[in-house]
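Please keep the sequence and the model in view while reading.

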Amino acid sequence: RCTGRKAFKHQCENSLVFTRLFYLVQALDKITLTGWKKFSCYILVICYLCIPVSSSVEIGAFQLNLPIEPLLGISAILLFYAIDIKTLVLSTFIRHPLTLLALLYHLCMMISITYSTDYVVSAKYALVNSLHFWVFYFGIYYLAIHQVDFRKLLHAYIISFSFIICYRCV
C-alpha cells in the first residue's frame, strides 16, 4: 500500500489513464455516430450489390452465404449501437401496422424454433431472417431520420436486381 508522495503519484497516474480512456471513448462515440450515417449508407449499398452474387459455402455442418451474411452481421451490430432504442420504441414507426405484423411474424418464427426437428437449422434461419429485417427495415428507418441520400440506395437496388434479371434471362 502506497502512502504519501507515492500514493499521490499513483492516484494521479490512475486518474490520467481514466481521463484518457474517457476522452477516447467520447471520440470513438462521436466518430461512430457521425460516421455511421455515411458508413451505413455505403454498407447498405454493398449489401444490395452483394445479395445477387452471394453464394453458399459449407463450413463443416453449417452453410454460410458469402459475402452477405457477414456484412449483415457487422451492419446489424453497428446499427444496434447507433440507433436509440428508447426513441425507436416510443416512435410511431414501431406502432405502424406493417411493423407490428412483421414483429409478430418474427415472434412466431422464434416460437416455431422450439417445435422444429432440427433446432440449429431453424435457429440459423430465424437469426438470418431477423438480421435482414433489422438491417433493411430499421436501417432504412434510421437513415431516413438522418436524411441520407436515398438515390444511392435506389441505384444500388436497381443495379443489383438488374443483375438478377439479366442472369434469369440468359
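## Basis of the model

The model is predicted, and local features need pLDDT of at least 70, side-chain atom pairs count only at pLDDT 80 or more, and totals for chains, interfaces and linings use all residues. Residues are numbered from 1 along each chain as its sequence is written, while side-chain values use heavy atoms, with hydrogens and water left out.

## Overall fold

The secondary structure of the protein chain comes to six helices and two strands, arranged along the sequence as α-β-β-α-α-α-α-α. Helices here are DSSP runs of H or I with at least four residues and strands are runs of E with at least two, numbered from the N terminus. Of the 170 residues in the protein chain, 27% are buried, where buried means under 20% relative accessible area, exposed means over 50% and partly exposed lies in between (1.4 Å probe, protein chains only).

## Helix α5

The 27 residues of α5 should span 39 Å at 1.5 Å a residue, and its end C-alpha atoms are 37 Å apart, which agrees; the expected span is 1.5 Å times one less than the number of residues.

## Aromatic rings

The structure holds eight aromatic pairs, counted when ring centres of Phe, Tyr and Trp (its six-membered ring) lie within 6.5 Å, with planes under 30 degrees apart called stacked, over 60 edge-to-face and the rest tilted. Phe 93 and Tyr 141 form a stacked pair, 4.2 Å centre to centre with 10° between the planes. This pair links distant parts of the chain, since Phe 93 sits in the loop between α3 (85-90) and α4 whereas Tyr 141 belongs to helix α5 (residues 119-145), 48 residues apart. Phe 93 is partly exposed at 21% relative accessible area, and Tyr 141 is buried at 15%.

The rings of Tyr 137 and Phe 138 have centres 5.4 Å apart and planes at 85°, so this pair is edge-to-face. Phe 138 is buried at 3% relative accessible area, whereas Tyr 137 is partly exposed at 21%.

Leu 107 is found in helix α4 (residues 97-113) and, at 48% relative accessibility, counts as partly exposed.
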